[in-house]
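Reader: Hello! Could you take me on a close look at the sheet in this model, and at whatever lies against it?

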Amino acid sequence: MTAENRRNMEFYFAPMEGITSYTYRNLHHRFFGGVEKYYTPFLSPSAENGLSTRELKDVLPENNGEIRPVPQLLVNHPEGFLKGARLLRDLGYREINLNLGCPSGTVTAKKKGSGLLMYPEELDALLDRIFSDPMVTGGEILVSVKTRIGKNSPEEWPQLMEIYNQYPIYELTIHPRIQKDFYKNHPDLEVFSSALEASKNPVVYNGDIFTVADYRRFREQFPAVERIMLGRGLIMDPELGEKLLKIEAEETGMDGTCKETEDGPDLVRLRQFHDALFEAYGELMSGDRNVLFRMKELWAHMIVQFPDSPKLEKRIKKSTHLSEYTEAVNELFKEAGHGL
């Protein structure tokens, strides 16, 4: 891949319910770089009440420090979207994301997330109402969309693409799986390629970029893509955004060659990040159980940084008290050779 084929790349952090709260986002931003935008776990505003107290807390500017995340709304009716959008606009937000990608059965059963993709006429009506609202037409907010390529079949995609092309979507993030895939099988890069060519709106790619090697393969196939949303990969390896920006810089050098080595994790910084998060959750939550539940959710992904420690992974999973958990984590980092 030559420097002439390169574009400036931006990386976004996809939301994950139960993990990427404002506490996590702030600490990730403090300890790691490489992320241009953080998306919030979805908010479900109602036409009557707007955002719940819990949802509002996650997006309050004073809880998000130096970052200004992108709120993601999960709705199937324009009134809820616009009610939430007005509240978020008044808090200072300019971009708001419509979630049409969530594959959860409890969500899709309500015609929300990727469940709405089965009803193209209703989807079209929703977008028509949103994009005709004066708040949007006047440029007070920008509306981006995250979507899958269908509910049950990729054959649904051409009609969906036709609908999206009717509206001035700020950015169209495409996760090239259908809802029934959840996160199994492989992203359909053939459909993504056709979408990239057909879209009248800027396209963001999302799906299965977990490592530098994954990124290189994708970049070779799609050198024109300028924006990528990373999800599970960034939770597994919080440094991933930094690593990929470094690869971009290295691979646009004078010789235009691609380096084949990949740096290992910075376990010292990873430990500092872990400890700060652990402390913050301890202050926010009451009781060992709640803190342990949140940390174990994180370790379910981050443990890939320690592939040679299955026994300690089990100890972390089975810990029932903070003292047990702390002892297991201490041994995990110590075993990795850093004495942490």
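Author: Happy to! Two strands pair if DSSP finds at least two bridges between them, and strands (E, at least two residues) and helices (H or I, at least four) are DSSP runs numbered from the N terminus. This is a predicted model, in which local features need pLDDT of at least 70 and side-chain atom pairs count only at pLDDT 80 or more, while totals for chains, interfaces and linings use all residues. Residues are numbered from 1 along each chain as its sequence is written, and side-chain values use heavy atoms, leaving out hydrogens and water.

The sheet is open and has 8 strands with parallel pairing, in the order β2-β1-β8-β7-β6-β5-β4-β3. At its edges lie β2 (37–38) and β3 (72–73), each pairing on one side only. Further in, strand β4 (residues 95–100) runs parallel to β5 (residues 142–148), and 6 bridges join them. One of the residues paired here is Asn97, whose bridge partner in β5 is Ser144. Helix α8 (residues 189–198) packs on the sheet, touching β6 (172–175) and β7 (203–206) (heavy atoms within 4.5 Å). The direction of α8 makes about 170° with that of β7, using lines fitted to C-alpha atoms, for the helix over the stretch in contact, and N-to-C angles from 0 to 180 degrees.

Strands also contribute to the lining of the largest pocket: β5, β8 (227–230) and helix α10 (232–236) are the elements giving two or more residues to it. Of these, α10 gives the most, with 3 residues.
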